[in-house]
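This briefing sets out the fold, the ligand surroundings and selected residues of one protein chain. The sequence and the structure are shown below, followed by the points grouped by topic.

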Amino acid sequence: MLMTPAPAIEVGASAAEPAIRVSNVGKTFMTRDGPLEAVRDASLHVGRGEFVAILGPSGCGKSTLMLMCAGLEKPSRGQIAIDGERCWRRGLATGIMSRIRRCCPG
Ligand SMILES: Nc1ncnc2c1ncn2[C@@H]1O[C@H](COP(=O)(O)OP(=O)(O)OP(=O)(O)O)[C@@H](O)[C@H]1O
Ligand SMILES: [Mg+2]
């Protein structure tokens with residue numbers, strides 16, 4: 001059962017080869033109460049030097065999306081590329097997630 005409706009996040013493309021490319025990304029956490037869809041169908045391109053703010057109500061998935069862009073959380077669906085390279089790296093995420101969660105609430 002999905003517990004929270006996750007809004008789709010869409011930001012228009014602004015560069016031919018974006019520094020950050022998020023393509024149809026979704027994240028579902030498995031919780032004791034069942035699957036929780038934190039991010040649904042997020043797509044955005046960020047060009048080099050471009051400044052982008054992600055706005056939304058608490059719990060809509062902003063931090064989860066940022067963690068996936070940083071390669072610290074693995075997307076359940078879709079792809080994220082930084083300078084054309086897929087950014088999820090298991091070695092980087094292992095162990096560091098709990099430290100980041102403790103240091104950076106939200
Ligand atoms: N590791 C996790 N395991 C299970 N559920 C999680 C996990 N991380 C986040 N969630 C859930 O995913 C949803 C999105 O959380 P997230 O922290 O990305 O939201 P947010 O938009 O950053 O909220 P806020 O504005 O309060 O910081 C919430 O329902 C949250 O409880
Ligand atoms: Mg947050």
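Helices (H or I, at least four residues) and strands (E, at least two) are DSSP runs, numbered from the N terminus. This is a predicted model, in which local features need pLDDT of at least 70 and side-chain atom pairs count only at pLDDT 80 or more, while totals for chains, interfaces and linings use all residues. Residues are numbered from 1 along each chain as its sequence is written, and chains are lettered from A and ligands numbered from 1 in the order in which they are written. The protein has three helices and five strands, which follow one another along the sequence in the pattern β-β-β-α-β-β-α-α.

**Overall architecture**

- A residue is buried if 20 or more other C-beta atoms lie within 10 Å of its own, exposed if 12 or fewer, and partly exposed in between, with C-beta atoms placed from the backbone.
- Of the 106 residues in the protein, 19% are buried.
- Two residues are in contact if their C-beta atoms, placed from the backbone, lie within 7 Å.
- Among the contacts with a separation of 6 or more, 62% join residues 24 or more positions apart.

**Strand pairing**

- Two strands pair if DSSP finds at least two bridges between them.
- Strands β2 (20-31) and β3 (34-46) pair in the antiparallel sense over nine bridges, and a hairpin of two residues joins β2 to β3.
- Within this pairing, Ile 20 has Val 46 in β3 as its bridge partner, and Phe 29 stands opposite Leu 36 in β3.
- Strand β2 also pairs in the antiparallel sense with β4 (residues 77-82), over five bridges.
- In β4, Arg 77 stands opposite Gly 26.

**Nonpolar core**

- A nonpolar core is a set of buried Ala, Val, Leu, Ile, Met, Phe, Trp, Tyr and Cys residues joined through C-beta atoms within 7 Å.
- The largest such core has 11 residues in all: Val 22, Val 25, Ala 38, Val 39, Ala 42, Leu 44, Leu 65, Leu 67, Met 68, Cys 69 and Ile 80.
- Strands β2 and β3 and helix α1 are the elements that give two or more residues to this core.
- The buried residues in α1 are Thr 64, Leu 65, Leu 67, Met 68 and Cys 69.
- Beyond its neighbours within four places in sequence, Met 68 is in contact with Val 25, Lys 27, Glu 73, Pro 75 and Ile 80.

- A residue is near a molecule or strand if its C-beta atom, placed from the backbone, lies within 6 Å of it.
- There are 14 residues around ligand 1, of which Phe 29, Ala 38, Ser 58, Ser 63 and Thr 64 come nearest.
- At least two residues of this shell are supplied by each of β2, β3 and α1 (62-69), and α1 gives the most, with three residues.
- By class, the shell comprises four nonpolar, nine polar and one charged residue; Ala, Val, Leu, Ile, Met, Phe, Trp, Tyr, Cys and Pro count as nonpolar, Asp, Glu, Lys and Arg as charged, and the others, Gly among them, as polar.

- Most residues other than glycine have a negative phi.
- Asn 24, although not a glycine, has a positive phi of about 50 degrees; Asn 24 is placed in strand β2.
- Asn 24 is partly exposed, because 13 other C-beta atoms lie within 10 Å.
- Asp 41, in strand β3, likewise has a positive phi, near 50 degrees, in a residue other than glycine.
- With 15 other C-beta atoms within 10 Å, Asp 41 is therefore partly exposed.

**Loop residues**

- Glu 17 lies in the loop between β1 (8-10) and β2, and Glu 17 is exposed because 10 other C-beta atoms lie within 10 Å.
- Gly 49 is found in the loop between β3 and α1, and Gly 49 is exposed because 7 other C-beta atoms lie within 10 Å.
- Gly 49 and Pro 18 are 31 residues apart in sequence, and their C-alpha atoms are 10.0 Å apart in space.
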